[in-house]
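Please look through the sequence and the model below before reading on.

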Amino acid sequence: MTSVPTPIPSRTQFVLDAIKHRILTGQLTPGQALVETDLAAQFGVSKTPVREALKTLAGTGLVVMSQYKGVTVRMVDADMAREVYDVRLLLEPEALKRAVKRGASLAEAQDALTRADQATDTAERSLANREFHRALYLPCGNPLLGRMLDEVRDQAALVSAVAWAASPSWEREAGEHREILRLALDGDADGAGRALHAHIASFVQRAFPDAESEAQGEDGQV
């Protein structure tokens, strides 16, 4: 019998969403301490929903809980970036190819791309870019594959937030997004998959040159 996940109480969900948003938009930086009492005061709640939210975030890999250091935003380094992006390189282009081959609608990806182009701040653009990628892989026809990519989605966004803070590359990535979507809408599954693979690989190589990916193409190139 399949167990049903226990719903998260509304206050905990509110705190969870707020902390996650601050982390993924760079308002809370890697290594920064997350103090329960301070967060509870900021959000006007007791420490209980804060504690539960932090436990959930630790489970997704966004924060680290230590007996001695308390709770901190996860640090991002080349090893962490390589691990996360290897998973994306292995799974995300394949998911997109399957979505294209089955003729899935990519209207949500188009909408997300438009929102990213029209964004007025970094946070809005970052969230729209995340939705763009998710809209490409989610209609792949394999719910498990979609969930596996969702599992690393927040960690990938944390890597991106750190990279963008150091060296913004919005315009280049926006152009790559448009080309990926063009190929997908043209029904070129293999071309779209290759373009997405190159897009993901080039980003992590620029941001973390030491993060040599293990997920390379058959010809030895990413």
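Ala 119 counts as buried because its relative accessibility is 10%, where buried means under 20% relative accessible area, exposed means over 50% and partly exposed lies in between, with a 1.4 Å probe and protein chains only. The model is a predicted one, in which local features need pLDDT of at least 70 and side-chain atom pairs count only at pLDDT 80 or more, while totals for chains, interfaces and linings use all residues. Residues are numbered from 1 along each chain as its sequence is written, and side-chain values use heavy atoms, with hydrogens and water left out.

**Ala 119 and its surroundings**

- Ala 119 is placed in the loop between α5 (107-118) and α6 (122-137); helices here are DSSP runs of H or I with at least four residues, strands are runs of E with at least two, and both are numbered from the N terminus.
- When neighbours within four places in sequence are left aside, Ala 119 is in contact with Glu 124 and Arg 125, contact meaning heavy atoms within 4.5 Å.

**The protein as a whole**

- The secondary structure of the protein consists of nine helices and two strands, and along the sequence these follow the pattern α-α-α-β-β-α-α-α-α-α-α.
- The protein has 222 residues, of which 45% are buried.
- Among the contacts with a separation of 6 or more, 71% are between residues 24 or more positions apart.
- The accessible surface of the protein is about 11900 Å², and 50% of this surface belongs to carbon and sulfur atoms; such areas come from the Shrake-Rupley method with a 1.4 Å probe, and for residues only the protein chains shown count as cover.

**Nonpolar cores**

- In soluble globular proteins, nonpolar side chains tend to be buried together.
- The largest nonpolar core has 56 residues, and those with the most contacts inside it include Ile 19, Ile 23, Leu 34 and Tyr 85; a nonpolar core is a set of buried Ala, Val, Leu, Ile, Met, Phe, Trp, Tyr and Cys residues joined through side-chain atoms within 4.5 Å.
- Helix α4 (residues 78-101) gives the most to this core, contributing eight residues.
- A second, separate core has six residues, among them Ala 95, Cys 140, Leu 145 and Leu 149.

**Aromatic rings**

- The structure holds two aromatic pairs; rings of Phe, Tyr and Trp (for Trp, its six-membered ring) pair if their centres lie within 6.5 Å, and planes under 30 degrees apart count as stacked, over 60 as edge-to-face and the rest as tilted.
- The pair of Phe 14 and Phe 43 is edge-to-face because the ring planes stand at 80°, with the centres 5.9 Å apart.
- This pair links distant parts of the chain, since Phe 14 belongs to helix α1 (residues 10-24) and Phe 43 to helix α2 (residues 36-43), 29 residues apart.
- Phe 14 is partly exposed, with a relative accessible area of 46%, whereas Phe 43 counts as buried at 13% relative accessibility.
- Tyr 85 and Phe 203 form a stacked pair, 6.0 Å from centre to centre and with 25° between the planes.
- Because Tyr 85 lies in helix α4 and Phe 203 in helix α9 (residues 189-207), the pair ties together parts that are 118 residues apart in sequence.
- Tyr 85 and Phe 203 are both buried, and the charged end of Arg 88 sits over the ring of Tyr 85, 5.1 Å from its centre; this description requires NZ of Lys or CZ of Arg within 6 Å of the ring centre and within 35 degrees of the ring normal.

**Three further buried residues**

- Asp 154 is found in helix α7 (residues 143-166) and is buried, with a relative accessible area of 9%.
- The side chains of Asp 154 and Lys 20 are joined by a polar contact of 3.1 Å, that is, a pair of N or O atoms within 3.5 Å, of which, within protein, one must be able to donate a hydrogen and the other to accept it, while residues adjacent in sequence count only if both atoms are side-chain atoms.
- Val 100 is in helix α4 and counts as buried at 12% relative accessibility.
- Val 100 and Asp 190 are 90 residues apart in sequence and 9.0 Å apart in space, C-alpha to C-alpha.
- Asn 129 lies in helix α6 and is buried, with a relative accessible area of 9%.
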